[in-house]
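Could you walk me through this model, from its charged pairs to its metal site and overall layout?

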Amino acid sequence: MATSRPGFIRKTKQREVILSVLRGTDTHPSADWVYQEVRKVLPNISLGTIYRNLRILVESGEAMELAFGSTSSRFDGNPKNHYHFICDQCGNVYDLALPVDHGIDKKAQEISSHKVVSHRLEFYGVCNECNSSNHTPNRGS
Ligand code: ZN
Ligand code: MN
């Protein structure tokens, strides 16, 4: 594979655009959604570049990755620990304004020989939008 060297400035620019797209939404988008948005500004960017930069942003603590097992990860421009509500029906991810429980790390540490560093907490249910459209005929039947 030929190595293209886009140069530091272009790399920085790409990452800036990706981060501003991430910070400009509260929908916790997938990498693919970020790709579609960033392409509006940088039409030649590749999905691979999006993935690579998202990885760097997560590793450098500027963004957060929400991994959900087999489904594709969602990304969050707010890297500080906070809780989420996930709709079982549409899969949308919402911020949940519950104060982060720092004491729970200590409690977990007390009963564990592992070194506890942080925790992640997600709530599941049915979002407002799905709840209000649930009077339409059920799928399945
Ligand atoms: Zn929903
Ligand atoms: Mn969030």
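R120 and E122 pair up through their side chains in a salt bridge, with N and O 2.6 Å apart; the term stands for a side-chain nitrogen of Lys or Arg within 4 Å of a carboxyl oxygen of Asp or Glu. R120 is partly exposed, with a relative accessible area of 41%. That label sits between two others: buried is under 20% relative accessible area and exposed is over 50%, worked out with a 1.4 Å probe and protein chains only.

Before going further, a word on the ground rules. This is a predicted model, where local features need pLDDT of at least 70 and side-chain atom pairs count only at pLDDT 80 or more, while totals for chains, interfaces and linings use all residues. Residues are numbered from 1 along each chain as its sequence is written, chains are lettered from A and ligands numbered from 1 in the order in which they are written, and side-chain values use heavy atoms, with hydrogens and water left out.

Back to the charges. Side chains of opposite charge can pair when their charged atoms come close. A search of the whole structure turns up three salt bridges. One of them joins R55 to E65, with 2.9 Å between the closest N and O atoms. This pair links distant parts of the chain, since R55 belongs to helix 3 (residues 47-59) and E65 to strand 1 (residues 64-68), ten residues apart. R55 has 36% relative accessibility, so it counts as partly exposed, and E65 gets the same label at 23%. There is also a salt bridge between the side chains of E37 and K40, 2.9 Å from N to O. Of these two, E37 is partly exposed at 23%, whereas K40 is exposed at 63%.

Now for the metal. Which residues hold the manganese ion (ligand 2)? Its protein donors are H28 (NE2), D76 (OD), H82 (NE2), H84 (NE2) and D95 (OD), lying 2.0 to 2.2 Å away. Donors are N, O and S atoms within 2.8 Å of the metal (3.2 Å for Na, K and Ca), and sites may look incomplete because water is not among the atoms. Along the sequence, the donor residues follow the spacing H-x47-D-x5-H-x1-H-x10-D. H82 lies in the loop between strand 2 (71-76) and strand 3 (83-87) while D95 is in strand 4, so this pair ties together parts that are 13 residues apart in sequence. H82 is buried at 14% relative accessibility, but D95 is partly exposed at 44%.

What about cysteines? A disulfide is a covalent bond between the sulfur atoms of two cysteines. The structure holds zero disulfides, going by a cut-off of 2.5 Å between cysteine sulfur atoms. C127 is buried, with a relative accessible area of 3%, and C130 is buried too, at 10%.

Finally, step back and look at the whole fold. The protein has five helices and five strands, running α-α-α-β-β-β-β-α-β-α from the N terminus on. Of its 141 residues, 30% count as buried. Taking contacts (heavy atoms within 4.5 Å) between residues at least 6 apart in sequence, 50% join residues at least 24 apart.

Notes: Helices (H or I, at least four residues) and strands (E, at least two) are DSSP runs, numbered from the N terminus.
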